[in-house]
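The exercises that follow are meant to be worked through with the sequence and the model side by side. Try each task before reading its solution.

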Amino acid sequence: MTLRSHDSARPVPPAARNVPALLLALRRAGFTGSVTVSSAPGGTIHLEQGLVTAIETPGAPTAETLLLKSRRVGEADWAAAETAAAAARAGDAPGPWGGGLGAALVAQGSIGATELETVCAAAVFDGAFALVLSPPGSWQVAEAAAPAGIALRPGIEPQRLFEETAQRVALLTRLWGPPGELARTRIRPAAQAESRALRIPDRYREILIAATGRRTARDIGFALGRGLFAVLLDLARMDARHLLHREPARPATGVPGVAPRTPPSGPPPAGTGPLPRRTPGVRGPGGQSGPGGPARPGGPAAVSDEPPNGHRAERTETTENTEKSAP
Amino acid sequence: MRALEASLSDVLGSPGVVGAALVDAVTGLGYRSAGEHRLLGTGAELAELTNLIGDRLHEAGAEGELESLVVTSTRHHQVVRVVPRQGDPLLLATVLDRERTNLALALRQTADRAGDLLA
Amino acid sequence: MSSQTSPAALVDELKSLRDRVMGISESVISTADGLLVAADTAAVHPESAAALSAAMLGLGRRTAAEFGLGGLRDVVTRCNGGYVVVLSIGEQALLMILGDEGLDIAGLHRESPASVRRLGGLLGMAPAAL
């Protein structure tokens with residue numbers, strides 16, 4: 001159904017104060033298309049008959065990421081399904097799945113229909129949850145936009161999404177703290193969690209391995225192919241068992257930590273400056289690779305002090321206070 | 001969610017099953033419920049309970065992962081079966097009429113139904 | 001070591017960008033000919049990343065010139081498992097960003113100009129050159 005204003009032939013999205021109000025209005029109108037929200041991060045909400053069939057946002061893994069990163073479906077199988085779906089699209093009307101990709105996955109035996117529906121539904125709720133953690137932003141409505149890669153049909157009622165999302169925010173706040181802050185906090189295992197003798201579920205162990213200290217809960221979700229809210233809940237449970245260390249948030253940006261520059265007393269000599277330079281024709285004893293010989297640096301290359309993943313166990317604890325896992 | 005609906009109808013069709021729900025074991029998201037599922041409580045409650053018991057069992061030294069929980073009242077058994085999968089597990093929760101089924105049989109049947117879900 | 005550049009300040013800016021844009025996992029600053037200047041990395045080998053990013057940007061520039069498309073803005077490589085984005089910092093340096101599948105590309109376009117300006121400033125480049 002197209003929404004039209006009285007005076008023009010162009011369809012007009014309903015006036016709304018915010019995205020939830022917009023989605024309810026679009027549900028009443030039985031709208032098919034997409035709502036793209038601009039925020040940090042934003043996302044795209046796909047609608048069919050006003051029901052939410054998929055959500056894409058940097059804040060949460062899509063169904064595709066959930067399936068591939070958890071290794072539930074292999075990359076080769078996924079590629080085969082995409083090929084089959086593209087071929088089918090050229091022919092018949094779309095089946096019960098967006099673009100036929102879901103049907104192709106089920107038809108080729110990569111996953112059962114029931115299981116796939118649960119993963120797609122979980123991804124929609126997770127995307128909605130991630131979006132409410134973003135600051136409010138502007139939106140654009142596009143009618144009959146291209147369907148998402150893999151979509152749930154029929155989609156989810158917006159009202160149900162709002163209710164579940166509100167419950168999730170309340171639950172996390174009660175268990176751990178403000179979810180927006182938590183989703184952006186970088187996590188690593190507490191010292192006592194590194195013991196192999198620790199008796200914890202496999203799921204927690206996987207999170208501990210993935211928690212490099214650089215990764216937030218959202219990053220861990222993408223790395224493991226698990227939902228943002230699922231990871232946050234598990235982290236809350238793990239925190240209650242003192243398994244985690246939360247990296248303190250970095251100080252507010254905008255002030256680069258650089259000393260004021262003193263102007264040079266004459267024209268700078270050729271060949272010096274802040275950037276490393278190559279010296280043509282000279283080879284160092286180490287046989288540095290690359291044309292033109294080794295660098296004659298203007299300054300040592302600066303590398304962040306976090307060790308690669310593999311050496312995490314060897315690193316000594318450098319923070320002075322072990323952060324208590326207070327909720 | 002048509003396949004999901006069909007799967008849960010099958011579960012409801014098993015002898016003695018008067019209510020059923022399929023829920024995410026980690027988040028408690030209710031995917032589908034049917035029949036007299038109110039006795040089971042909310043999905044979030046089922047997930048929280050399952051995680052709590054599973055965690056405590058681990059701490060106490062139990063091997064492996066939690067498989068199922070049974071709560072028995074005067075007229076019903078509530079059976080919560082963990083459905084493991086490659087990814088976050090599911091919970092298949094059923095309410096059984098004690099007059100129409102016995103627990104051993106019911107546990108066997110829910111195990112079969114749980115397997116069918118992922119097929 | 002020139003008193004004009006603090007390496008820690010460069011890494012600080014890289015970390016700040018990682019905080020502001022969701023999905024960035026690692027980043028590297030290199031010279032236009034592939035020498036490492038600074039890195040906020042964990043899993044990748046910074047020197048290799050520096051060399052590769054210069055090659056990618058160089059190829060991008062030659063391609064843009066070949067087709068008369070004007071100045072190169074960035075090179076985005078999209079993979080099943082994530083993104084590689086290479087941006088120039090003036091003529092003499094460049095910034096490589098590695099991100100996962102959920103990299104906030106819109107966010108990167110919004111935040112990177114300010115980072116490029118600050119990094120260029122830290123590297124002694126005049127604002128007009130950036």
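**Exercise 1.** Find which residues of H2(C) are buried, and then examine how they are arranged about the helix.

*Solution.* Begin with burial, where a residue is buried if 20 or more other C-beta atoms, placed from the backbone, lie within 10 Å of its own, exposed if 12 or fewer do, and partly exposed in between. By this count C:Pro46, C:Glu47, C:Ala49, C:Ala50, C:Ser53, C:Ala54 and C:Leu57 of H2(C) are buried. Next, look down the helix axis: the buried residues lie within an arc of 155 degrees, so they line one face of H2(C), the arc being that of the directions from the helix axis to the C-beta atoms. The face turned away from this buried side carries the exposed residues C:Arg62, C:Thr63 and C:Glu66. Then check the length: the 21 residues of H2(C), residues 46-66, should span 30 Å at 1.5 Å a residue, and the end C-alpha atoms are 30 Å apart, which agrees; the expected span is 1.5 Å times one less than the number of residues. Finally, C:Gly68 follows the helix and has a positive phi, near 60 degrees. Helices (H or I, at least four residues) and strands (E, at least two) are DSSP runs, numbered from the N terminus.

The model is predicted, so that local features need pLDDT of at least 70 and side-chain atom pairs count only at pLDDT 80 or more, while totals for chains, interfaces and linings use all residues. Residues are numbered from 1 along each chain as its sequence is written, and chains are lettered from A and ligands numbered from 1 in the order in which they are written.

**Exercise 2.** Locate C:Val44 and decide whether it is buried, partly exposed or exposed.

*Solution.* First, C:Val44 is placed in the loop between strand S2 (36-40) and H2 of chain C. Second, C:Val44 has 17 C-beta neighbours inside 10 Å and therefore counts as partly exposed. Third, leaving aside residues up to four places away in sequence, C:Val44 touches C:Glu26, C:Ala49 and C:Leu98, where contact requires C-beta atoms, placed from the backbone, within 7 Å.

**Exercise 3.** Describe H2(B), asking which of its residues are buried and what they pack against.

*Solution.* Start with the helix itself, which has 17 residues and reaches 24 Å from its first C-alpha to its last, close to the 24 Å expected at 1.5 Å a residue. The buried residues of H2(B) are B:Gly43, B:Leu46, B:Ala47, B:Thr50, B:Gly54 and B:His58. Seen down the axis, these fall within an arc of 95 degrees, so they line one face of H2(B). They pack against strand S1 (17-24), strand S2 (30-35), strand S3 (68-72), strand S4 (76-85) and S5 of chain B. On the other side of H2(B), B:Glu45, B:Leu52, B:Arg56 and B:Glu59 are exposed. Just after the helix, B:Gly61 takes a positive phi of about 100 degrees.

**Exercise 4.** Work out how many residues chains B and A bring to their contact, and which elements of chain B supply them.

*Solution.* The contact takes 26 residues from chain B and 29 residues from chain A. On the side of chain B, helix H1 (2-12), helix H2 (43-59), strand S5 (87-97) and helix H3 (103-118) each supply at least two residues. The largest share of this side, six residues, comes from H2(B).

How values were computed
Two residues are in contact if their C-beta atoms, placed from the backbone, lie within 7 Å.
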